[in-house]
Amino acid sequence: MILRNLERRFGSNFDWSLFAAMVVLCVIGLVVLASAGYDSELASSPPMRKQAISMGLGLLGFLAAASIQPAFWRRWAWVIFGLGCGLLIILDVFGIVAGGARRWLD
């Protein structure tokens, strides 16, 4: 039932295998983070919580992007590409060199 509703929302071309792979990689990432700094109260530790929230927002962003029709992406691809290139040029001109990399922020 839930999958049918999602397929109706995202269309029949939704790549479930890609979504499943992303979820599996997120879970593996959380397990690795947990094992790297094992603590009995790790579930409530700030790094673990921050990582889980970031992963959740990333998955929501993926679902939002997947819900947009492919015709939109085809129509606006060059504009989005030009905007990205323009931001890179602005970074090259106005960016700050720190730690061997050019950055937006100090």
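Predicted model: local features only at pLDDT ≥ 70, side-chain atom pairs only at ≥ 80, totals over all residues.
View 1. Starting at the N terminus, the order of elements is α-α-α-α-β-β. The chain has 106 residues, of which 12% are buried. Its accessible surface is about 8,600 Å², and carbon and sulfur atoms account for 69% of that area. Of the contacts between residues at least 6 apart in sequence, 38% join residues at least 24 apart.

**View 2. Helix 2 covers residues 16–36.** From first C-alpha to last, the 21 residues of helix 2 reach 30 Å, close to the 30 Å expected at 1.5 Å a residue.

**View 3. Helix 2 has a buried side and a face turned away from it.** Phe-19, Cys-26 and Ala-34 are buried in helix 2. These residues lie on the same side of helix 2 because they cover an arc of only 75° around the axis. The buried residues of helix 2 pack against helix 3, residues 46–67. On the face turned away from the buried side, the exposed residues are Ser-17, Leu-25, Val-31, Ser-35 and Ala-36.

View 4. Leu-83 counts as exposed because its relative accessibility is 57%, and the cut-off for exposed is over 50%.

Conventions:
Residues numbered from 1 in each chain as written. Heavy atoms only, no water. Helix = DSSP H or I, 4+ residues; strand = E, 2+ residues; numbered from the N terminus. Expected span 1.5 Å × (residues − 1). Buried < 20%, exposed > 50% of the residue type's maximum accessible area, 1.4 Å probe, protein only. Arc of directions from axis to C-beta. Contact = heavy atoms within 4.5 Å. Areas by Shrake-Rupley, 256 points an atom, 1.4 Å probe, with all protein chains shown as cover.
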